[in-house]
Amino acid sequence: MNLNPHRPWITPMVIGAFLISAVTGVLMFFHLDSGLNKTVHEWLSWAMVIGVSLHVLLNVTAFKRYFTQTTGRWVMGSMALILALSFIPAGGSGSEPGFAPPVRALAQAPITVLAQVAGTSTDEVRTRLQAAGLTATSDSQSVADLVGGDLRKQVGALSQVVATPAQH
């Protein structure tokens, strides 16, 4: 695959994608992003991946050379280790999504409160829970009582409770 005719646009693509990624990333780091910054950062990172891949193919000999140099191996190995470590859960409340605390609080609410939140009767909430395969024996029970502490199950049951019934 001869990429030399494409050299005039591949490196500028990498430069432009790096500029977008760097600026939007710094803005997000300092919580100064606005508008489409996050979306642009996520989606145009693909331009960076494609551009860098093509750039490496254009310069494969020079790229391979870094694997023979101690400093190059050390830097790339360190970065690979940091990447691997980034997959370790941080623990604490930071390991759950931001919506988890309100969902957990709502899941602890008795059926009478859920009825108020859903704008319906307690009988309707019980009917909706029954449709989700959950049987409440008392209006003082909560979704957490019925499904346990699993956040996904709580979200599923609460979604069933607050869902607008299909109109025929």
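How accessible is Asp139, and does this residue count as buried or partly exposed? In this predicted model, Asp139 has a relative accessibility of 27%, so it counts as partly exposed. The partner of Asp139 is Arg126, and the two side chains meet in a salt bridge with an N to O distance of 2.7 Å. Arg126 sits in helix α8, whereas Asp139 belongs to the loop between α8 and α9 (143-147), so the pair ties together parts that are 13 residues apart in sequence. Arg126, at 26% relative accessibility, also counts as partly exposed.

That pair is one of 3 salt bridges in the structure. Side chains of opposite charge can pair when their charged atoms come close. Another pair joins Glu124 to Arg128, with the closest N and O atoms 3.0 Å apart. Both of these residues lie in helix α8, 4 residues apart, or about one turn of the helix. Glu124 is partly exposed at 26% relative accessibility. Arg128 comes out at 11%, and because the cut-off for buried is under 20%, Arg128 counts as buried.

Over in helix α2 (residues 37-43), Lys38 and Glu42 are likewise 4 residues apart, about one turn of the helix. Their side chains meet in a salt bridge at 2.5 Å, N to O. Lys38 has a relative accessible area of 43% and is partly exposed; Glu42, at 42%, is partly exposed too. As for the spacing, an α-helix has 3.6 residues a turn, so residues three or four places apart point the same way.

Back to α8 and its neighbour. Two packed helices are described by the angle between their axes and the distance between the axes. For helix α7 (residues 111-118) and helix α8 (residues 122-131), the axes come within 8 Å and cross at roughly 95°. Since angles of 65 to 115 degrees count as roughly perpendicular, α7 is roughly perpendicular to α8. On the α7 side, the contact is made by Ile111, Thr112, Leu114, Ala115 and Ala118. On the α8 side, the residues are Thr122, Val125, Arg126, Arg128 and Leu129. Sorted by class, this contact has 6 nonpolar, 2 polar and 2 charged residues.

What about the buried part of α7? The buried residues of this helix are Ile111, Leu114 and Ala115. They cover an arc of only 105° around the axis, which puts them on the same side of α7. The packing partners of the buried residues of α7 are α6 (100-108), α8, α9 and α10 (151-162).

Two backbone details round out the picture. After α7 comes Gly119, with a positive phi near 70°. Phi is positive at His31 as well, near 55°, and here the residue is one other than glycine. His31 is found in the loop between α1 (7-29) and α2. With a relative accessibility of 70%, His31 counts as exposed.

Terms used. Residues numbered from 1 in each chain as written. Predicted model: local features only at pLDDT ≥ 70, side-chain atom pairs only at ≥ 80, totals over all residues. Heavy atoms only, no water. Axes fitted to C-alpha atoms, helices over the stretch in contact; angles between N-to-C directions. Parallel < 35°, antiparallel > 145°, perpendicular 65-115°, else oblique. Contact = heavy atoms within 4.5 Å. Nonpolar A, V, L, I, M, F, W, Y, C, P; charged D, E, K, R; others polar. Salt bridge = Lys/Arg side-chain N within 4 Å of Asp/Glu carboxyl O. Buried < 20%, exposed > 50% of the residue type's maximum accessible area, 1.4 Å probe, protein only. Arc of directions from axis to C-beta.
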